[in-house]
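The exercises below are to be worked through with the sequence and the coordinates at hand. Each task is followed by a solution that goes step by step.

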Amino acid sequence: MGNIKAEYIWIDGHQPTAKLRSKTKIIDGPISSVDKIPIWGFDGSSTMQAEGTDSDCMLKPVYFVPDPIRSGDNILVMNEVCLPDGSVHKSNTRTRLVEIAEKYKDHDPWFGIEQEYTFFIGRSPLGWPEGGYPAPQGPFYCGVGADEVFGRDIVEEHMEACLEAGIAFSGINAEVMPGQWEFQVGPVGATDAGDQLWLARWLLYRIAEEYGVNATLHPKPVKGDWNGAGAHTNFSTKAMRENGGIKVVEAACEALGKKHEEHIAVYGAHNEERLTGLHETCSIHEFRYDKNDRGASIRIPMATVNAGCGYLEDRRPSANMDPYLVCAALIETCCA
Ligand code: ADP
Ligand code: MN
Ligand code: MN
Ligand code: MN
């Protein structure tokens, strides 16, 4: 008889943007290492991962953290989806990142991801008047007060939960559009960044659920003169972080400019609605990098300019991007 609850979390086959799924298994605990967590399965025909007659998919545990919601010895388990024979399912983007991270491990790549998202109640962003619009953007970014920020209780509870789970959480802020927020994960290595961002997203949905609020990662949740939602991806290698590393940062920006379309292809669906050239973005049809410039595709941040070494910020990924794909693309382009 098992004695702990393991929440098995995986990424489904939904197109064009995959969604998170999870279910609970009672297992023997406490768990000390990931290989002690049993392999499990699910009905792939209900998750767009299999046809009806041959619908078994395998859940292969690859990462786990303490469950901050159920507490005790209970755990959250990130899984890769595999075919019944254990081979990689086509929806599984993690395996390839693991291979690329291993291949370029001497570069010691780090990632810090800024996850923007928007709270909705029914069809309106949280805090917006029913069927109408709030005052124009301006006072809301990093605002304080009941007339400017909406959902702080959820945001605080989410931050606590992520920290308790041991996620390398690095901060939060209220965003430019009311009802929109950001949290940051990192800097950490590529595979951890991907696993931890997916788990932090799951915790966000799960905690907001308690409040009857839903969090969306749509890159342009409200059309018109309202900021979209991105997932700026901050990236560095060992050479970038060393003295004089800004030269390596600039070389990486040049390499990224030659692969703009390939990167955009894996930077999230509906991103063209967000990357318009307005609202602190560079047009999706252009590539530009610059120091301190929030209207560029890639920004070399102030701290990096001042220190002469550090990291770059790829501002193109949208909020709904798959971090396994984005981290793999950045390593491949910048380290090859
Ligand atoms: P912004 O000014 O763009 O809003 P944030 O403070 O929101 O920046 O996010 C910056 C992110 O960059 C953080 O997650 C931080 O941990 C990460 N970061 C800092 N240094 C590095 C580095 N050397 N390599 C990769 N990421 C880094
Ligand atoms: Mn930020
Ligand atoms: Mn932001
Ligand atoms: Mn940013």
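**Exercise 1. Count the aromatic pairs, then characterise the pairs that involve Y117, F119, F169 and F183.**

Solution. With the rule that rings of Phe, Tyr and Trp (its six-membered ring) pair if their centres lie within 6.5 Å, the count comes to 9 aromatic pairs. The rings of Y117 and F119 have centres 5.2 Å apart and planes at 75°, so this pair is edge-to-face, given that planes under 30 degrees apart count as stacked, over 60 as edge-to-face and the rest as tilted. Both Y117 and F119 are buried, where buried means under 20% relative accessible area, exposed over 50% and partly exposed in between, with a 1.4 Å probe and protein chains only.

The pair of F169 and F183 is stacked, with 5.5 Å centre to centre and 20° between the planes. This pair links distant parts of the chain, since F169 belongs to strand β8 (residues 169–174) and F183 to strand β9 (residues 180–188), 14 residues apart; strands (E, at least two residues) and helices (H or I, at least four) are DSSP runs, numbered from the N terminus. F169 counts as buried because its relative accessibility is 11%, and F183 counts as buried because its relative accessibility is 0%.

The model is predicted, so local features need pLDDT of at least 70 and side-chain atom pairs count only at pLDDT 80 or more, whereas totals for chains, interfaces and linings use all residues. Residues are numbered from 1 along each chain as its sequence is written, chains are lettered from A and ligands numbered from 1 in the order in which they are written, and side-chain values use heavy atoms, with hydrogens and water left out.

**Exercise 2. Describe how helix α5 packs against helix α9.**

Solution. Two packed helices are described by the angle between their axes and the distance between the axes. For α5 (residues 246–257) and α9 (residues 323–335), the angle is about 110° and the axes are 8 Å apart, the axes being lines fitted to C-alpha atoms over the stretch in contact and the angles running from 0 to 180 degrees between N-to-C directions. The helices α5 and α9 are therefore roughly perpendicular to each other, a class that covers 65 to 115 degrees, while under 35 is roughly parallel, over 145 roughly antiparallel and the rest oblique. On the α5 side the contact (heavy atoms within 4.5 Å) is made by A252, A255 and L256, and on the α9 side by L330, T333 and C334.
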